[in-house]
Amino acid sequence: MRGRTPNLGTLNRQVEVLSRTTQTDQSGGQTTTYSSLGKVWALVEERPGGVQYSADGIVSGRSVQVTVRFRIDIKAGDRLVVDGNQLDIDHVADLNGRRAYVVCTCSAITAVGSRYE
């Protein structure tokens, strides 16, 4: 991924990194838990979202791009907590190939209501 290297002063928000762990329970199902890897300074940029239809409901989605200092322990499927809101990490990429910054493309989905009101 090619991107412009941010100035350190622009990493001005604290974000908590949550690592996803999936385990198989006794009945054969999957249990997903998230454990904190700590807080990091980040540049958080909102991207245009939209309204989508899911089953019989309407959901509001938004996309957020979060840039942090390079870490090898952040991966797709993990979560970031920004201002108390949990964001699912959809994609992780090295910003410019120099292992200095990581860009996480995240999504947040909120149920809005029924399609048939």
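This report describes the fold, surface and nonpolar cores of a predicted model of a protein chain.

## Overall architecture

The protein chain contains 6 strands and 0 helices, and, followed along the sequence, its elements give the pattern β-β-β-β-β-β. When contacts between residues at least 6 apart in sequence are considered, 57% of them join residues at least 24 apart.

## Burial and surface

Of the 117 residues in the protein chain, 32% are buried. The accessible surface of the protein chain amounts to about 7500 Å², and carbon and sulfur atoms account for 46% of that surface.

## The largest nonpolar core

The largest nonpolar core has 17 residues, and those touching the most other members are Val-15, Val-44, Val-66, Val-68, Leu-80, Cys-104 and Cys-106. Two or more residues of this core come from each of β1 (13–24), β2 (30–54), β3 (57–69), β4 (79–82), β5 (85–94) and β6 (101–114), with β6 giving the most, namely 4 residues.

Leaving aside residues up to four places away in sequence, Leu-80 touches Val-15, Glu-16, Val-17, Val-66, Asn-85, Gln-86, Leu-87, Ile-89, Cys-104 and Cys-106.

## A separate core

Technical notes
Residues are numbered from 1 along each chain as its sequence is written. This is a predicted model: local features need pLDDT of at least 70, side-chain atom pairs count only at pLDDT 80 or more; totals for chains, interfaces and linings use all residues. Side-chain values use heavy atoms; hydrogens and water are left out. A nonpolar core is a set of buried Ala, Val, Leu, Ile, Met, Phe, Trp, Tyr and Cys residues joined through side-chain atoms within 4.5 Å. Buried means under 20% relative accessible area, exposed over 50%, partly exposed in between (1.4 Å probe, protein chains only). Contact means heavy atoms within 4.5 Å. Accessible areas come from the Shrake-Rupley method with a 1.4 Å probe; for residues, only the protein chains shown count as cover.
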